[in-house]
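Please read them with the model open.

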Amino acid sequence: MELIKVAIQGIKGSNHHQVAKDFFGDDIDLLECNSFDAVVDNLMIGTADKGIMAIENSIAGSIIPNYNLVYHNSIHVIGEHYLNIHHNLMVMKGKSFDDIQEVHSHPMALLQCKEFFKAHPQIKLVESMDTAETAKRIKDENLEHIAAIAPKMAADLYDLEIIADNIQTIVNNSTRFIILKKQNKVLPEEEINKASLRFITDHKRGSLATVLNVMSDCNMNLTKIQSLPVIETPWKYAFFVDVTFDKYEHFAKTKSLMQIMAEDFKVLGEYKNALL
């Protein structure tokens, strides 16, 4: 059986790796990328079949550049996955909290665990590229005085010991990831109940409200709206919207009306709502 080639931002043991495993199972060929741009590049040139991209966090909000990455490269959203984020402090086996001089992790992970380290001012917090990258480096380089904040999967993969689990300040911390493909995956219409859209409205008063009212009239449930500047046209904004619906025919009607009412209307993806 040929393995699905999945591009992720980060390395094995990262949250993106966990999402790839949750969504596609174990039969995957993981392509580690150092940026979201690289994930998209690998989809575009065909070295990856699917891609995983974090798009918003329940604490930090939207990862805004990723919206434009999807739109400008005409990548299709074919699914989504929500992952509860658990930040764990891990060290080489046999080491303890007293051995730690520095903690390395992704800036967002450090920020979300800031309160935990207020009680340990002697420990230096250092930003790194990825949560799992430091875990791997601790293993590879036998770093006795450095700890990592990373998912449990990283501790299992790199044979580290978790000395404090769930150290994030806010316990209910969830990230939404989108599943990407170069060509659109066609699901049976009866299985589709969520879509991601992008459009521009004109500068007339009430234009956005009118569009949103039309969506409501078509039985669309607006679950997300994000505005981003249109770089080519100063002070003009595009809107990225997620909607859910019970019947595809209602969404089909919405699409036909949006093509008339909105400028540069584009469907970024039609897929299953992961929260149902």
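1. Start with the largest cavity. The model is predicted, and this cavity holds about 100 Å³ of space. It is lined by 13 residues, with Y67, V77, S196, D242 and L268 nearest its centre. By class, the lining has nine nonpolar, two polar and two charged residues.

2. Where does the largest cavity lie? Domain 1 (4-84 + 173-181) and domain 3 (192-271) both give residues to its lining, so it lies between them. Helix 3 (64-72), strand 11, strand 12 (194-200) and strand 14 (237-244) each supply at least two lining residues.

3. The search of the whole structure finds two cavities of 30 Å³ or more.

4. Now the largest pocket. It contains about 530 Å³ of space. Of its 24 lining residues, H16, A54, I63, H106 and M108 lie nearest the centre. The lining counts 14 polar residues, nine nonpolar and one charged. Helix 4 gives the largest share, three residues.

5. Which domains flank the largest pocket? Both domain 1 and domain 2 (88-164) contribute to the lining, so the pocket lies between them.

6. Last, the cysteines. C113 is buried, at 0% relative accessible area. C218 is also buried, at 4%. No disulfides are found anywhere in the structure.

Terms used. Residues numbered from 1 in each chain as written. Predicted model: local features only at pLDDT ≥ 70, side-chain atom pairs only at ≥ 80, totals over all residues. Heavy atoms only, no water. Disulfide = S-S within 2.5 Å. Buried < 20%, exposed > 50% of the residue type's maximum accessible area, 1.4 Å probe, protein only. 1 Å grid on protein atoms, 1.4 Å probe; cavity = no way out; pocket = protein on both sides within 12 Å on 5 of 7 lines; lining within 4 Å. Points joined across faces, edges and corners; volume = space filled by probe spheres on them. Helix = DSSP H or I, 4+ residues; strand = E, 2+ residues; numbered from the N terminus. Nonpolar A, V, L, I, M, F, W, Y, C, P; charged D, E, K, R; others polar. Domains from an automatic or database assignment.
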